[in-house]
Amino acid sequence: MTPRIGRTVGQLAAIIDAIPTALVMVDGNLRIELLNAQAELLYGYSRGELQGATIEVLVPPRFREEYLSFGESFLQAAPTRTGSEIREFICLRKNGDEFPAKIGISSVMIDDSFFVLASINDIAERKQSEASLRQAIEALERSNMELQRFAYAASHDLQTPMRSIASFIQLLQENYSNQLDQRGRDWMRRTFESVKQLQALVRDLLEYSSVDAQARPFEAVSMRDVFDHVVDLLSASIAETHAQIESGALPVVQGNRTQLVQLLLNLLDNALKYRSAAVPEIRVTATLENDEWLFAVRDNGIGISERYQRRIFEPFQRLHEQREIPGTGIGLATCSRVVQRHGGKIWVESEPGRGSVFYFTLPQEAES
């Protein structure tokens with residue numbers, strides 16, 4: 001131990017030598033006064049090689065000016081500094097190897113002089129894990145986008161032949177049904193219904209895949225205008241069921257208008273489709289909670305058992321037979337995808353026979 005800082009540091013050295021974290025202490029000239037056994041192991045130097053050397057010996061040449069400047073400014077502020085600072089630096093071993101480190105830096109006063117005490121943790125393994133995770137995520141995102149593009153292209157390309165098949169079946173029904181017996185006419189009817197169901201599935205798959213495949217920049221969207229547009233689109237179903245649909249005050253949000261229309265259209269259409277014997281009553285509201293808008297779509301429909309309430313947001317998950325209530329099982333999955341893309345969450349609260357409340361959140365827009 002150098003005599004200049006006396007016995008106090010000598011006593012301190014015995015304590016820090018037993019600490020399992022690498023510790024290095026430098027003086028006002030950024031010369032190493034003290035290090036422990038873990039620092040010797042970490043840097044590959046013996047204690048004698050480092051004591052009295054400037055801190056730059058532990059720093060790659062390209063970073064030395066930056067690190068020395070930081071050390072000097074840290075010491076200048078030491079008299080008024082409280083607490084410690086944590087930084088990530090690139091460090092240099094004796095054998096020339098570089099490694100990333102997280103360093104906790106504190107100032108200590110000994111014999112009326114300020115020193116810098118640094119605890120050094122090698123984070124190379126953590127950095128490598130982070131890099132591997134980033135690569136895996138990027139690969140997954142690329143694969144996901146490729147699958148989305150394929151689904152979009154495949155569903156789009158299927159539309160034309162499906163329309164042709166449906167048209168030909170209609171022509172057969174119109175021109176040749178009187179030449180078929182009851183069984184033949186029944187087969188033709190079933191074929192036409194199957195084609196229409198497949199068309200609906202392809203259309204819904206196209207909508208589901210296009211949420212990300214054709215994403216557009218967000219803009220200010222009036223949810224009141226979205227609501228009015230959706231009600232207009234559903235006017236035939238509303239008139240047929242005598243449904244009562246109303247809303248409270250709805251905000252302006254940042255989003256993709258087409259996708260928000262798709263979201264509300266699916267939720268209101270489901271509320272009409274899964275109605276009870278009573279006249280459908282549907283109400284859409286929005287409240288501001290913790291810097292985000294909480295939307296609620298309430299209905300008095302047949303309700304959903306608690307055990308199915310998470311499953312319904314997955315693609316192709318249906319709770320009813322096709323002959324009971326027609327559908328493709330993609331609508332709510334599309335809603336979930338739209339809400340997630342807008343940075344929100346979606347869920348349902350419901351009891352069988354007592355209606356449902358579908359909730360979704362959207363971030364608050366600066367001016368509503």
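**Entry 1: salt bridges around Arg-126**

I started with Glu-130 and Arg-126, whose side chains meet in a salt bridge at 3.1 Å, N to O. I am working from a predicted model here. Both residues sit in helix H5, four residues apart, which is about one helical turn. Glu-130 is partly exposed at 29% relative accessibility, and Arg-126 is partly exposed too, at 32%.

Next I looked up Glu-88, which also forms a salt bridge with Arg-126 (2.9 Å, N to O). Glu-88 lies in strand S3 (residues 85–92) and Arg-126 in helix H5 (residues 124–176), so this pair ties together parts 38 residues apart in sequence. I noted that salt bridges with shared partners join Glu-88, Arg-126, Lys-127 and Glu-130 into one network.

**Entry 2: Arg-93**

What does Arg-93 pair with in a salt bridge? I found Asp-122, with the closest N and O atoms 2.8 Å apart. Asp-122 is in strand S5 (residues 113–122) and Arg-93 in the loop between S3 and strand S4 (98–110), so parts 29 residues apart in sequence are tied together. I also saw the charged end of Arg-93 over the ring of Phe-99, 4.1 Å from its centre.

For my tally, the structure holds 12 salt bridges.

**Entry 3: aromatic rings**

I then turned to the rings and found eight aromatic pairs. One of them, Phe-63 with Tyr-67, is stacked, at 5.7 Å centre to centre with 10° between the planes. Phe-70 and Phe-74 make a tilted pair, at 6.0 Å and 40°. Both Phe-70 and Phe-74 are buried and lie in helix H4 (residues 64–76).

How values were computed:
Residues numbered from 1 in each chain as written. Predicted model: local features only at pLDDT ≥ 70, side-chain atom pairs only at ≥ 80, totals over all residues. Heavy atoms only, no water. Phe/Tyr/Trp six-rings, centres within 6.5 Å; stacked < 30°, edge-to-face > 60°. Helix = DSSP H or I, 4+ residues; strand = E, 2+ residues; numbered from the N terminus. Buried < 20%, exposed > 50% of the residue type's maximum accessible area, 1.4 Å probe, protein only. Lys NZ or Arg CZ within 6 Å of the ring centre and 35° of its normal. Salt bridge = Lys/Arg side-chain N within 4 Å of Asp/Glu carboxyl O.
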